[in-house]
Amino acid sequence: MKNVRIGIVGLGTVGSGVVRILKEQQALIAQQTGLSFEIVKAIIANPDRERASYLKDVALGTDITQLLQDESIDIIVEVMGSVAAAKDLIEQALAAHKNVVTANKDLIAQYGQELAELAMANNVALRYEASVAGGIPILQILRTAYKADQVHTIAGILNGTTNFILTQMDEQGLTYDQALKAAKEKGFAESDPTNDVDGFDAAYKLAILTKMAFGLSVPQSAIDITGIRELAIDDVKAARAAGYELKLIGLSDLTDEGLRLAVAPMVVHENQPIAQIRNEHNAVLVKSQNIGTALYVGPGAGQLPTGNSVVADLIHVGQTITSNGDVYPFALKVATTQPKPVSGNRSYWVLVATDDPDSLVDNIKLSVAGAVVSNQLTIRGFDPHQAWTSLEVTAPTLVAQPHFTTTMQRLADVKAIYPVLEA
Ligand code: HSE
């Protein structure tokens, strides 16, 4: 087992998530990589603050130079936020030949190029996966899968807080202030949530994605930025009534005139997958020459998703500096489960043509022991002259779809039966 020693600066939402994952997944990480990550010290601003139990045995300090001067530390994790102090710290760490992993989008968007050059000059790594779209490994995807592809559009929901606010206002009827307060309590919002609601946070992430996808460093002044502060719930509902969802979108679009860069509320047709992104989830749509259109979706904020992105960077750096690269063609996970025949409750979405859905429901219940039949919905669309009734049937005893299908077909004019994917 090779030991990788790390120092962490900041134990807020992300920093504590990193510690938690390194502890809880220690065996999994060791087993796949042959690496053991040792947290030498965490530097914090407020030593008196009450901390979660999994942080209790982490050595704490308040002086960053303790990390910088400790020659045994391989990687510094900067998760304290701010720009000036973090830049100073990272510059010193890189100059001291320490690898750096950061989640600081404000910093990377503004100074990523010069910090990357400093890292290369000192032959150390600088990684920042957690700076964009929380738990979605979008930078790693752009860095690897698009090497032979030409990206022409990046469009995304890049801020979890604003998407959470819009969703909560729309679905739960919360006021803007209530929804923002909830986002802060859940640890999604920035320490200064102005950056979230006025679009700056999304603009920083768009700048990093633009650099990754197009190789172009763009100043914030090149991005046309509008936030959600002026949005009223009526705007959201009016868009919905017309078949659209109102979303804060970051757009980097290659046109004949050049790159069009914007962060602004935009409407997305409800049929588009990106329209379905709710709460703190983010989505990054990438259009490119070879792959075409691909959408990457996941949590854009939160302790464990964002912490996971930091830890993925730590593992990458740890493997590089110890030459413990992945040597197996499959991830070497020890199986903790075995294949099992499908059994138990299965739900099916059943489309039937019937004038009498109530008696059909009674018949299903009689024929399928213990069946639970959901709300019925009459829909049109497969055939303009035909109204179809859809039922969701949970069938606890008839588990194999062929058997269930046969039973159902005996009952009614069944158009289609689909297992329901719990997603
Ligand atoms: N405040 C950010 C957001 C956190 O809401 O998306 C993750 O970068």
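Reader: How do strand β1 and strand β4 pair?

Author: Strand β1 (residues 2–9) and strand β4 (residues 75–78) run in the parallel sense and share four bridges. Strands here are DSSP runs of E with at least two residues, helices are runs of H or I with at least four, and both are numbered from the N terminus. Two strands count as paired if DSSP finds at least two bridges between them. This is a predicted model, where local features need pLDDT of at least 70, side-chain atom pairs count only at pLDDT 80 or more, and totals for chains, interfaces and linings use all residues. Residues are numbered from 1 along each chain as its sequence is written, and side-chain values use heavy atoms, with hydrogens and water left out.

Reader: Which residue in β4 is the bridge partner of V9?

Author: That is E78.

Reader: What order do the strands of the sheet come in?

Author: The open sheet has six strands, ordered β3-β2-β1-β4-β5-β6, with parallel pairing. At the edges are β3 (60–61) and β6 (126–127), each of which pairs on one side only.

Reader: New topic. How many salt bridges does the structure hold?

Author: There are 17, each defined as a side-chain nitrogen of Lys or Arg within 4 Å of a carboxyl oxygen of Asp or Glu. One of them joins D170 and R240, with the closest N and O atoms 2.4 Å apart.

Reader: Where do D170 and R240 lie?

Author: D170 is in helix α7 (residues 160–172) and R240 is in helix α11 (residues 233–241), so the pair ties together parts 70 residues apart in sequence.
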